[in-house]
Amino acid sequence: MANFKTLDDLGDVTGKVALVRVDLNLPMADGRATDLTRALAVKPTILELAEKGAKVVLLAHFGRPKGERHSTMSLSLIQGEQERVIGKEVMFIPEVQGPVAAQAIGILRAGDVGMLENTRFWPGEEANDPEFAKGIATNGDFYVNDAFSAAHRAHATTEGLAHLLPAYAGRALEKELTALDAALGNPETPVAAVVGGAKVSTKLAVLQNLVSKVQHLIIGGGMANTFLAARGVDVGKSLCEHDLTGTAEEIMEAADAAGCTVHLPYDVVVAKEFAANPPSLRTCNVHEVAPDEMILDVGPQAVEALGDVLKTCRTLVWNGPMGAFETPPFDAATVALARTAAALTVEGSLVSVAGGGDTVAALAHAGVTDDVTYISTAGGAFLEWMEGKELPGVAALSA
Ligand code: ADP
Ligand code: MG
């Protein structure tokens, strides 16, 4: 695992200014946050630093203002939510650097929390401009990154600052990296990966990376159709990227060479129309899909066999649903496999780590959110990690 300092490595920080990069890019509707997950995730770090007597100054982006001020994307809109979440006053500062920021930060007392304006109001953030980063760093004594979900971007406050000040991982980032390390960095074997979702094209790099790292690659969702087609199966009207069958074959060959078993469904749930509980719904062998039918979920026999595979494994990493889970009954395979994984995790025989926007929703739908080892809500950063890429925000912490 990347070798980085954590809050455990801090000395006496009484009265010192902590510049803390957090992810407060909360989903909003009518001026209110609709989901406080991200605000909650950074709470332990903020409170721990405040309790240690630091002056805690939050840095975050919000939306895509593209280097200009937009009142609709001001972090002042999040200030009240963050106060409620941490149960503490948060002083909003409408700048990130310069005299106004310096003066406001100067007013903070030990244990106080301040929040700077949306870092992306200034082009220097996304450009990772060293002068912009210096302007921010000059007001701080040390830097804490607690925003894994922004760690795949080399921006001034996600990467640049780590080179200018003593840099530490916050508790949320530390937890995420520890979980990811247990899943793919340094896992207990055998490892199974479940990769599903709509398309092969969005997850090529993920599949290519996984074949050399896991012993079982379980492919489901729409992307399984492309692999089935590559094996000569007629997938009818199913979502299928026919131009990628060659690539699918290469991935299966690479898996063979690396000793990774690729699991494709052998029975499937099909329908002639994509609707909830359609009259044409049926389950069949993959070789019996009619030309006017679509594969919308993995079949029950395959799911049972996959559950048996998981029983032999010690580690599971999961991205992408097994079927079109938003529409019943095409959620059945995802729900069943998720519950098997959750039960094995609770029993203690499996470490299970999952991530991806729709995957998080699918696991919540299956009711297993609290029974898997770790769920990453980091989206892009999680996928880049599954692709085996080094995340600049994390790399800068260990530099
Ligand atoms: P994630 O956001 O977790 O990375 P993706 O965005 O790759 O996942 O894929 C999720 C989508 O894939 C869901 O909307 C789901 O309906 C769709 N999907 C899964 N299986 C199928 C299928 N057999 N046919 C069509 N769409 C599917
Ligand atoms: Mg998605």
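A polar side-chain atom of Thr359 lies 2.4 Å from an oxygen atom of ligand 1, a polar contact being a pair of N or O atoms within 3.5 Å, where pairs within protein must also join an atom able to donate a hydrogen to one able to accept it, and residues adjacent in sequence count only if both atoms are side-chain atoms. Taken alone, ligand 1 exposes 580 Å², of which the protein buries 82%; accessible areas come from the Shrake-Rupley method with a 1.4 Å probe, and for residues only the protein chains shown count as cover.

This is a predicted model, in which local features need pLDDT of at least 70 and side-chain atom pairs count only at pLDDT 80 or more, while totals for chains, interfaces and linings use all residues. Residues are numbered from 1 along each chain as its sequence is written, chains are lettered from A and ligands numbered from 1 in the order in which they are written, and side-chain values use heavy atoms, with hydrogens and water left out.

| Residue | Protein atom | Ligand 1 atom | Distance |
|---|---|---|---|
| Thr359 | polar side-chain atom | oxygen | 2.4 Å |
| Gly222 | polar backbone atom | nitrogen | 3.1 Å |
| Gly323 | backbone N or O atom | nitrogen | 3.5 Å |

Around ligand 1 there are 18 residues, and Ala198, Lys203, Glu326, Asp358 and Thr359 come nearest, a residue being near if one of its heavy atoms lies within 4 Å. Helix H9 (221–230), strand S14 (294–298) and helix H13 (357–365) each supply at least two residues of this shell, and the largest share, three residues, comes from H13; helices (H or I, at least four residues) and strands (E, at least two) are DSSP runs, numbered from the N terminus.

The structure also holds four aromatic pairs, counted where ring centres of Phe, Tyr and Trp (its six-membered ring) lie within 6.5 Å, with planes under 30 degrees apart stacked, over 60 edge-to-face and the rest tilted. One of them, Phe142 with Tyr168, is edge-to-face, at 5.8 Å centre to centre and 90° between the planes. Phe142 lies in strand S7 (residues 142–145) and Tyr168 in strand S8 (residues 167–169), so the pair ties together parts that are 26 residues apart in sequence. Phe142 is buried at 4% relative accessibility, and Tyr168 is buried at 11%, where buried means under 20%, exposed over 50% and partly exposed in between (1.4 Å probe, protein chains only).
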